[in-house]
Amino acid sequence: MARPTTNGLAQALQALQIRSTLPARPVIRSLAQQRRTYAIEVEAAAQQSSTPTPSELPPTELAPAAPKIEFGNFLSRPARIVPASPSYFSGSPRFIDHVLELENLQAKYASLPTVAASEAPRMAWFKLAQFRDYVGEPVPMKKYKILVKILQRLNRIQPDMVPEEVKTTLKSFLRPGNPFAVEHISRTVDENGRARAKGKRKESTAVVQLVEGEGEVIVNGKSLVEVFQRVHDRESALWALRCTQRLDKYNAWVTVRGGGITGQAEAITLAIGRALMMHEPGLKPVLRKAGVISVDARRVERKKPGHVKARKMPTWVKR
Amino acid sequence: MIVRNLFMRQSRQLIALNRQAPVFTRSLSTEVASDTITQTPSVGSAEIAQSPVEQGIQTTSTVPEPRPLKQWDALEKRRHKFNTLGSKVQESYDPENVLRNPPKPADVTLEMLLAAGTHMGHSTSRWNPQNSRYIFGIREGIHIISLDVTAAYLRRAAKVVEEVAARGGIILFAGTRKGQKRSVVRAAELAKGYHIFERWIPGSLTNGQQILGHCKTKVVNALDQELSKFRVDLADRPSIKPDLVVVLNPLENVVLLHECGLNNVPTIGIIDTDADPTRVTYPIPANDDTLRGTNLIAGILGRAGEAGQARRLKMAQEGKTTYEPITARQLRLDPLTGTPPPGSELEKSERD
């Protein structure tokens, strides 16, 4: 630490000259020696060592004028090594520069009208890992969230009034390929009048081909009664047709695999519900209300070590 | 009484629930303005309301909605017009002004420092007796810093910043307290220096290669233009160290000051009555808890740096440098050993 006197710098410099083995930085050295070195003088001394210096000339004779400055040479000569970014000492200069740039933009265009967040165009910003790759710095999640917040605010500017500057800046934060550009293709009934749909429940998977007909149902090549002995299962399998009173209007050809009886029956429910929606999309609210197109994503919870089942603990014994 | 309390409480809640923004504020807010523009009359209601006969007439005479851009332009024009009307307010305080247009060191007055609250120290019980020479007296249990001393030390610090900038030094402005970010960035922008407004990573100077090693550097000529042909020589160089560090909150940046001391980097710091003035090379006795004061001091130092940079660039235009420029040969040398790297062209040419 430099001494607290007014000329602490000079003392520090002395200490530097004594202790430091590294070459002193140019500024420090020039401050210490209080010497002005003109680049031209150095160059002239190097180039024209043969020409007499003013001190060598007789005092009565005037020295010739100095040679012209070679600006081409002067400009191509290195002078200093400096950090590329003003945020160099923060350790993550590229990230900080991005944040400052975005904050400037936000302040500049703060008065532009905005739309509600739901009406702003959907933008897929970099994921955190992608952004880290992009800037090449370990950016923490919390700081990246702040940046995304600014991006979203800029994105909310009235779409037909967005300045070009903002557009290009926002574009540079989009992840490659636009995930929102992929359009969902809705499936329809094929040329033979079949609607094919899948459904899952527990471990079972059902595939249903639904055609217009008189109410025949074949499950895995067998009749419904053969596959499901319980009335409840039969009813739940065909609940989509039952609750819309279409039992005698469609024929279903079902393949169901895996799981138990209940799972299979309810997988068929979901599949038939989806297939029916392809034939008659207007039934969607009814089917939704009947609960036949809601996916039940619950699966059996895994057993854990130290537990008897998924959550059950062994009985506690005192000793 | 209980019933009355109940009514009071419930009615207050009800009012809070049903509260709607007054009409005049809604029309002024930008969001709602755009809402009204994007609103389109619902198709269904229009069809129901209009008979087939009326439809033909209506479609031809629909008035187009004003474009949002035009509407916004009109709003801005109106705002500008109203801002120029009325009496002129003089001598008002604009908090943005010190950031936008900070004063030059020569313009520093005691009134300015007083207005920024730089004279207020800490509670007398918290003082550091080393600051006794900067203290004017006690008022309401706090120490009052002598403003003429502050101004003198501030001018000295400004001179130091200017001279370092004029010699091509790297000036780092550090203000890590909440709210100091903009003034720090602005000062660095003016002085063509460097800024840090988040946490100082310990070891950035003492262990620079590890912490700042990946940050990019460049070789510039005397006019600060980048010379890209030397980019290859920048690999494996030690990280850059500042030549001067300006700290707006030295109490929270003990590590930074310690590292600067170890590396012989001179420091400028705002020293409040509870801080140790020997931790920095050039103390500025002032209140470091007021953002208005720190913004002012940072702005003044930034302006000083700006003047120094202007001087340096002017000299460079004439082909002079006030510092010893690094040579192409020095750039090619191995930064650790100071000799030409083995097997390089430089070594071969020197051997011949």
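**Terms and model**

Two strands pair if DSSP finds at least two bridges between them. Helices (H or I, at least four residues) and strands (E, at least two) are DSSP runs, numbered from the N terminus.

This is a predicted model, where local features need pLDDT of at least 70, side-chain atom pairs count only at pLDDT 80 or more, and totals for chains, interfaces and linings use all residues. Residues are numbered from 1 along each chain as its sequence is written, and chains are lettered from A and ligands numbered from 1 in the order in which they are written.

Strand β4 (residues 171–174) of chain B pairs with β7(B) in the parallel sense, over four bridges. Within β7(B), B:Leu244 is the bridge partner of B:Ile171. β7(B) also pairs with strand β8 (residues 267–271) of chain B, in the parallel sense over three bridges. There, B:Val246 has B:Ile268 as its bridge partner in β8(B). Helix α12 (residues 254–262) of chain B carries the chain from β7(B) to β8(B) in a right-handed β-α-β crossover. Right-handed here means that, with the strands pointing away from the viewer, the path from the first strand over the helix to the second runs clockwise.

Strand β7 (residues 244–247) of chain B sends B:Leu244 and B:Val246 one way, and B:Val245 and B:Val247 the other. All are buried (20 or more other C-beta atoms within 10 Å of the residue's own, C-beta atoms being placed from the backbone).

**Helix packing**

Helix α9 (residues 147–166) and helix α13 (residues 291–317) of chain B pack at about 35 degrees, with axes 7 Å apart. Axes are lines fitted to C-alpha atoms over the stretch in contact, and angles run from 0 to 180 degrees between N-to-C directions.

How values were computed: Buried ≥ 20, exposed ≤ 12 C-beta atoms within 10 Å, placed from the backbone.
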